[in-house]
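User: I would like to learn how to read strands and charged pairs in a model. Could you take me through them one feature at a time?

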Amino acid sequence: MSKSERLFEKALKVLPGGVSRNTIFRKPHPFYAEKGQGCYVTDLEGVTRIDFANNMASLIHGHAYPGIVDSVTKQLAKGSCFTMATESEVDYAELLCERVPSFDKIRFVNSGTEAVMAMLKASRAYTGKAKIAKVEGAYHGAYDYAEVSQTANPNNWGDIDKPNSSPVAVGTPTKALEDVVVIPFNDVERAIKILDQHKDDLACILVDLLPHRVGLIPASNAFINALHKWTREHKSLLVFDEVITFRTNYSGAQQNYDVSPDLTAMGKIIGGGFPAGALAGSDKIMKVLDPTEPKVLLPHSGTFSANPITMTAGLAAMKDFDQAAVTKLNKLAIYAKESITQAIADVGINACVTGAGSMFRIHLKAQPPKNYREAYVDKTQSALITKLLDHLFNNGVMLINTCSATLSTAMGKKEIDHLVSTLKDGFEMLKPEMT
Ligand SMILES: Cc1ncc(COP(=O)(O)O)c(C=O)c1O
């Protein structure tokens, strides 16, 4: 029995299914990490792999980044959390607000889920309306409302002209489903027609500019402009989930668009490897959280929010993820995507690669999907993807379980070349099964 197998046997007795988060589950058992250094992770068996998963896109400098280790170690010796504010949250808020034009004020929380939840509640508090709209299939964390339609499938997604509000979890309140309007991605005409049916009721439209489960294809400028215009006309807000996409540009993915969001949710890389989230936006809207107002429209707290460990780590991480680092990393991703596209052509397999910034996703489809329904992975495709991921894993490469990769500044061409040659072998292996 391997060390991981032994641990999993013990874990099964105390953790549901032996895991604390379903994303890391692998058949027949998950692997257990011993240590990470830069872009490499070593498991308990002593096997080292290149880490393209980066704890689900949350590490921008890889593991044990010296700048973060030093500052967090110093802070730890002074204490990890207090029933007081600390200087670190002010310093970090200043850095992020200077970095993004749409941020006047910021409120830190502890996860992306919490950031999206706070953003939807702030939208409701500001507009006095209850409903929200979101893109079909988009992942926004675990809040009941944000979760709607996230796992829609051909049996329950309904007519594309009026996608169903389908639940993820059994027992989701019907009221939550009724209060979420689902629109198709990048489809201006259909989306506006659907929104028009709820024009007096929408607190906000929630959008991820590069939604992972929708295919990791960027939102078009036309789509975002149309949603922005609609929200101006109907006293609603346009809010962006940049929990993952904040890494795609110096000021987040929003930098690539004509219009700015009213509010932005963040998470992942802004924690420098520690649990983090944040909600940011204009003074006018962020006032709903302000305890100095005569009436606080959205009373909001969190025991570990803005704890100095996360603030110190985040500040160190983002200081070093400056414009030069963003540009360099995004160039490396372009090199990776071009090399993978070449490998696909060389092997002659029906596959393609999508993505932007420092993220990309491999699809076993001839053409890049344009929306969630086209990106949807059926059982046959899912089995092939698992086979490809297992091949990569067994050959020193770790990807996210949707066959997606995120880069870290610890990587260079050497790691990309290893990924591409391993992928190429994997494509050769799958080819006979795909024709
Ligand atoms: C776009 C997006 N929003 C929200 C979340 C939720 O973040 P967390 O897992 O930190 O709660 C995620 C997590 O993967 C995400 O990708």
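User: Which residues point one way from β8, and which the other way?

Analyst: The general idea is that in a regular strand the side chains alternate between the two faces of the sheet. Please keep in mind that this is a predicted model. Here L237, V239 and D241 point one way from β8, while L238 and F240 point the other way, and all are buried. Because five of the five residues of strand β8 (residues 237-241) are buried, the strand is largely enclosed by the rest of the structure.

User: In which sense do strand β7 and β8 pair?

Analyst: Strand β7 (residues 202-207) and β8 pair in the parallel sense, over four bridges, and within this pairing L206 stands opposite V239 in β8.

User: How many residues lie between β1 and β2 in their hairpin?

Analyst: The hairpin of β1 and β2 has two residues between the strands, and G38 in the turn has a positive phi of about 60°. Strand β1 (residues 33-37) and strand β2 (residues 40-43) pair in the antiparallel sense over four bridges, with K35 standing opposite T42 in β2. β2 also pairs in the antiparallel sense with strand β3 (residues 48-51), over three bridges, and there Y40 stands opposite I50 in β3. The hairpin of β2 and β3 has four residues between the strands, and in it G46 takes a positive phi near 90°.

User: Turning to charges, which residue forms a salt bridge with D390?

Analyst: Side chains of opposite charge can pair when their charged atoms come close. In this structure D390 forms a salt bridge with R26, the closest N and O atoms being 2.7 Å apart. Since D390 lies in helix α14 (residues 379-394) and R26 in the loop between α1 (3-14) and β1, the pair ties together parts that are 364 residues apart in sequence. D390 is partly exposed, with a relative accessible area of 27%.

User: Which residues are linked with R190 in a network of salt bridges?

Analyst: The network links D161, D187 and R190. Within it, the side chains of R190 and D161 meet in a salt bridge at 2.6 Å, N to O. R190 lies in helix α8 (residues 188-196) and D161 in the loop between α6 (144-147) and α7 (174-178), so the pair ties together parts that are 29 residues apart in sequence.

Notes:
Residues are numbered from 1 along each chain as its sequence is written. This is a predicted model: local features need pLDDT of at least 70, side-chain atom pairs count only at pLDDT 80 or more; totals for chains, interfaces and linings use all residues. Side-chain values use heavy atoms; hydrogens and water are left out. Two strands pair if DSSP finds at least two bridges between them. Buried means under 20% relative accessible area, exposed over 50%, partly exposed in between (1.4 Å probe, protein chains only). A salt bridge is a side-chain nitrogen of Lys or Arg within 4 Å of a carboxyl oxygen of Asp or Glu.
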